[in-house]
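Subject: Structure handover and findings

Dear colleague,

Please find below the structure that I am handing over to you. My findings follow directly after it.

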Amino acid sequence: MSVKDTSPTLEVRNLQTHFFTKAGDAKAVDGVSFSVGKGEIMGLVGESGSGKSVTGFSIIGLVDPPGNVVGGEVLYNGKNLVGLPDEQMRQLRGNRIAMIFQDPMMTLNPVLRVDTQMVETILAHDPSVSKQDALARSRDALGRVGIPAPDERLRSYPHQFSGGMRQRVAIAIALLNKPDLIIADEPTTALDVTIQGQILYEAQKLCRETGTSMIWITHDLAVVAGLADSICVMYGGRVVEQGLINDVLDHPVHPYTRGLLGSVPGANSRGTRLYQIPGMAPSLLNLPQGCAFQARCPRADEACLVEPQITEPIAGRGVRCCHPHLNAEEEIGA
Amino acid sequence: MSENIQNPTPIEAPEEFVVTLQTPFQRFCLDFFESRVASAAFVVLVGILFIAICAPLISPQNPYDLSQVSILDAKMAPGSQSFDGWTFYLGTDGAGRDLMSAMFYGLRISLGVGVMSGMIAMCIGAAIGLAAAYFGGRIDAIIMRIVDIQLSFPAILVALILLAVLGKGVDKIIIALVIVQWAYYARTIRASALVERNKEYVEAATCLALSHNRIVFKHLFPNCLPPLIVVVTIQTAHAISLEATLSFLGVGLPISEPSLGLLIANGFDYMLSGYFWISFFPGIALLITIVSINLVGDQLRDVLNPRLDR
Amino acid sequence: MSEKTNDTMLTVDNLSKNFVKKLDLAGKIAQKLGSNIREEVVHAVDGVSLAIPKGSVVGLVGESGCGKSTLGRMIAGILRPTGGDITYKGVSITKMSGDEAARAALQIQMIFQDPFASLNPRMRVIDIIGEAPLTHGFTTAAEKDSYVCDVMKRVGLDPEYRRRYPHQFSGGQRQRIGIARALAVNPEFLVCDEAIAALDVSIQAQVINLFMDLREDLDLTYLFISHDLSVVKHISDRIVIMYLGRIVEISPTDELYADPNHPYTQALLNEVPQLEHRGRDYKPVEGEIPSPLDPPSGCHFHPRCPHATDRCATERPELREIAPTRWSACHLNDEA
């Protein structure tokens, strides 16, 4: 289900976000490019230190000092968000582009009632709406994310909800102004499996019904497998592989993607040793010369000292590798 | 560095290994001296401590040795000459004592009493607070009620009553200050220990069947030190000022061992007659001491607080 | 309850743990004056019985509030049970006291979830690992150094770094230090409480492999507590599913996946995202996980169960053997 019929909702070109710390400059995002079409769910996958969360924050303009977006473009419906004045960015944020965080308490103010917060969100972007209408819309939004007894819930405080409910309220708030794009940063990582299932269901229903695009940031490949249409794998602040979900998961080309898929228990048969990618992820303060993955790659050689650019060895697939696995029959780890 | 699946558990490669090379203490020092204000305060404090410790060696005169003091030098202005020929840099007091020397000795007493009482109160308060946190339940409840009661009385009031009963003397005032202060330490360390007690490394120690003593003193206590260190500095300043107040009011220290408070009291009568320096300089010395201790304490609190984003 | 052969390493018999929030003085007065305040009792573990055979890996799975961590801590000796019995190698350890209990506790060790909080930040690694063996006589002060080096090598850590502090290591390495600390006292039984949940995927694979190697080399028995079913499936011989303080199903792994019996198990297995399932149509189970403070009557799962009957709301289902080595606590099995 590749929905890139019209021009993409969001197009990121060569985004670069660096953190200027006392210990050095961390290149958290170093040349990331992808695009998300209307109604498309893109999974942005990586481990800790890969830069996936910072990418999400950079798109929506929430990178605080010592971090700064130093280069590249983020084109939302053709308009570049990088360098946009604060006032204009604020009009977009929460209105046309919304974000859901891992911890719902980053969205919810613990001392305000839910209805206050939701009405505030609506009125902030459209002061002409009457309070009754705003309340009605809020009630609808809560209903749409599957919260029972929405009238009662509107009058509650965040601490009166369970973790899963809070995340649903956060999603409802994100939906209020019918955004074109939702960036979800690990929203279900802290939730139980059955509650995660409920949230994934809501997210999927939403994108199908309203045509909202979504970027789902996570480290959990299995969640992305079930939910997303396309996937973007990040490592060391760079995109190493991207493409349609089935293509990438069934025929991974980059050694890191292959290694990652090999390490996940579900894929292998029970009781065998998992493939383990040796070593550790590099510190963003101290990225190696050339390819970020070479220290852990079974195929690395001198050619990898030159940083590889994104190529398209197969149609629709972007890879950043000097020695991609183009031969589908190769064993993982070869 | 290729890895084949049949290899047994590999040893971690050293070069990707080390995040920082410093011991916790080195890290702490670097963080502390980042603040210029705190560094300046620290230097001042070291200077004050040096003066206090070396008072007999660096004072031009021993103000309590009556043979060195002459009433003819009384109330001389700062900078004036004594009849012996040397300068009273800060003037003299009503009895003819060199104010600078009196201040050095006074600092010694003030700091000595403050630090001493602080240390003793810390030991007692820490032991009680740790016991309350570790054993919990009824022991905790009883101890905390005592602490609450103790803390609800104004410190000055308690100290005055105690000193009225105990009389004058350095040891009596230290006892009084200890009784007034131990409760702060107990409460602080109890709060810290309660948090640490629920951490998994303490559970691990229980799982490894280590003795209670070992867990409390080797595991809990070192991790409760940060807030305790902060309280020690702030409380020492508090003790010094409390002692100064008590001396100013005339209780506590005898005249033979005057602290800064007593010096200020002595000069109080002359304030409006124009001999302002007799109270003024000891007052300034007291102020500088307390302010520098507080500044150091503030920076310590910021540095040792793991939650602060630095 | 479950089979007790000579091979059984650890048995848990009708074990319970209640956490009581007693009323303070103000609360007691309010209660006497007629207010509705009650003591809050959480039945974290509610009558659990289980047998773990020697050399096996038993996976313990459940969501928040199911009591799996509490059960693990009672087995490891960190929490005292409120009721019931734990038997280790045929001897009841709940009835032991003092030295004996301590010695038994040493053989059962625990690996914790949080690699940051589970190590004392002010102790060097050599002391973290070497403290317990030295205290209990596994090594002498003179030999502590080489003893610790051996243990570190066994878990894949370079002994050269034994004088460093925990904050100087990465998350995966700290978890290895925690494992080394547990291994240093020569345990026979390891309780792993979400031991890999806090680690990155690629590091998880390393630690899972380490567990499997250690099991073979040292003939260890594991109780592997996790909420991650795919990991549990990979490493366990047998899986125990818990819900709100009670066991709902026990089954060997393959059979559990082939034919889950209890409706909660079915819902759980259905919900777990798997790499092979693309573009799923989610059909999640309804309802929230109830609060352990106020669990539903009868079968705890009945409000969310698609097959609930009247009996389920009133009567607690017993854990019954539905096939050799398979147990399930569901009234629907009675009708079959």
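Which residue in β12(C) is the bridge partner of Glu321(C)? In this predicted model, the partner of Glu321(C) is Trp327(C). The strands concerned, β11(C) and β12 (residues 326-328) of chain C, run antiparallel and are joined by three bridges. Together β11(C) and β12(C) make a hairpin with two residues between them. In its turn, Thr325(C) has a positive phi of about 65 degrees.

Phe189(C) has Thr221(C) as its bridge partner in β8(C).

The four-stranded sheet of chain C

Chain C also holds an open sheet of four strands in the order β2-β1-β4-β5, with antiparallel pairing. Its edge strands are β2 (40-53) and β5 (91-92) of chain C, each of which pairs on one side only. Strand β1 (residues 8-21) and strand β4 (residues 83-88) of chain C pair over five bridges in the antiparallel sense, and Leu10(C) stands opposite Tyr88(C) in β4(C). Helix α2 (residues 68-76) of chain C lies across β1, β2 and β4 of chain C and runs at about 120 degrees to β1(C).

The second largest pocket

Helix α2(C) also contributes to the second largest pocket, where it supplies the largest share of the lining, six residues. The space in this pocket comes to about 1200 Å³. It is lined by 40 residues, of which Thr206(B), Gly77(C), Ile78(C), Leu79(C) and Arg80(C) are the closest to its centre. Several helices each supply at least two lining residues, including α4 (99-135), α5 (137-152) and α9 (212-249) of chain B, and α3 (98-107) of chain C. By class, the lining comprises 23 nonpolar, twelve polar and five charged residues.

Confidence in chain B

Chain B has a mean pLDDT of 81, and 90% of its residues reach 70 or more. Over residues 1-19 of chain B, however, the pLDDT is below 50, although this stretch has 45 contacts in the model beyond near neighbours in sequence. Where pLDDT is low, the predicted coordinates should not be read in detail.

Backbone features of chain A

Most residues other than glycine have a negative phi, and most peptide bonds are trans. Asn14(A), in strand β1 (residues 10-21) of chain A, has a positive phi near 50 degrees. Pro65(A) and Pro66(A) are joined by a cis peptide bond, with omega about 10 degrees. Pro66(A) lies in the loop between α1 (52-60) and β4 (67-76) of chain A.

With kind regards

Key. Residues are numbered from 1 along each chain as its sequence is written. Chains are lettered from A and ligands numbered from 1 in the order in which they are written. This is a predicted model: local features need pLDDT of at least 70, side-chain atom pairs count only at pLDDT 80 or more; totals for chains, interfaces and linings use all residues. Side-chain values use heavy atoms; hydrogens and water are left out. Two strands pair if DSSP finds at least two bridges between them. Contact means heavy atoms within 4.5 Å. Axes are lines fitted to C-alpha atoms, for helices over the stretch in contact, and angles run from 0 to 180 degrees between N-to-C directions. pLDDT is the predictor's confidence in each residue, from 0 to 100. On a 1 Å grid over the protein atoms alone, a cavity is a set of points where a 1.4 Å probe fits but cannot get out, and a pocket is an open set with protein on both sides within 12 Å along at least five of seven lines; lining residues have an atom within 4 Å of a point. Grid points are joined across faces, edges and corners, and a volume is the space filled by probe spheres set on the points. Ala, Val, Leu, Ile, Met, Phe, Trp, Tyr, Cys and Pro count as nonpolar, Asp, Glu, Lys and Arg as charged, and the others, Gly among them, as polar.
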